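Hello,

The structure we discussed is below. My notes follow it.

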Amino acid sequence: LEEAVEQLGIRVRREKGNFRGGICIRNEEEFLMLNRVHPPEVHLAILAEAMRSMDVDTVYLKPLVRQALEDAWARQDVVEIQTEDED
C-alpha cells in the first residue's frame, strides 16, 4: 500500500512523535505521515484510510490486496490510537 500511495504521487514519511498519522500538507506539498512507534496494523489502517480518496484504479494492486482495501472501506475501519497527551 505504501508503494501504491507513492505511485499516486504522495510521498510517505515515517517519523516519531505524538500524532496519529495521515495525509498532511506543508508548504503546498502533500504527503502521508506514518508514526514509527505505531504497529504495522495501524500503518495499514492509515494507508487504507488515505487511499479511500485516491484514484487507486490507476495503480496495480494484487487482487487480494484490492479486495482487503475495499472490505476495509466498506466496514469503515477506524483505528483508535491513544497519544501521549491523552494519558
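**Findings**

Arg66 is buried, at 19% relative accessible area (buried is under 20%, exposed over 50%, partly exposed in between; 1.4 Å probe, protein chains only). This is a predicted model: local features need pLDDT of at least 70, side-chain atom pairs count only at pLDDT 80 or more, and totals for chains, interfaces and linings use all residues. Residues are numbered from 1 along each chain as its sequence is written, and side-chain values use heavy atoms, without hydrogens and water.

Arg66 sits in helix H3, residues 63-75 (helices are DSSP runs of H or I, at least four residues; strands are E, at least two; numbering starts at the N terminus). Beyond its neighbours within four places in sequence, Arg66 contacts Val56, Asp57, Val59 and Leu61 (heavy atoms within 4.5 Å).

Leu61 also belongs to the largest nonpolar core, which has 18 residues (buried Ala, Val, Leu, Ile, Met, Phe, Trp, Tyr and Cys joined through side-chain atoms within 4.5 Å). Val5, Leu32, Met51 and Leu61 touch the most other members. Helix H1 (2-7), strand E3 (29-35), helix H2 (40-51) and H3 each give two or more residues. H2 gives the largest share, 6 residues.

Now the sheet. It is open, has 3 strands in the order E1-E3-E2, and its pairing is mixed (strands pair if DSSP finds at least two bridges between them). E1 (11-15) and E2 (21-26) are the edge strands, each with a single partner, so one side of each has no neighbour in the sheet. E2 and E3 pair antiparallel over 6 bridges.

Best wishes
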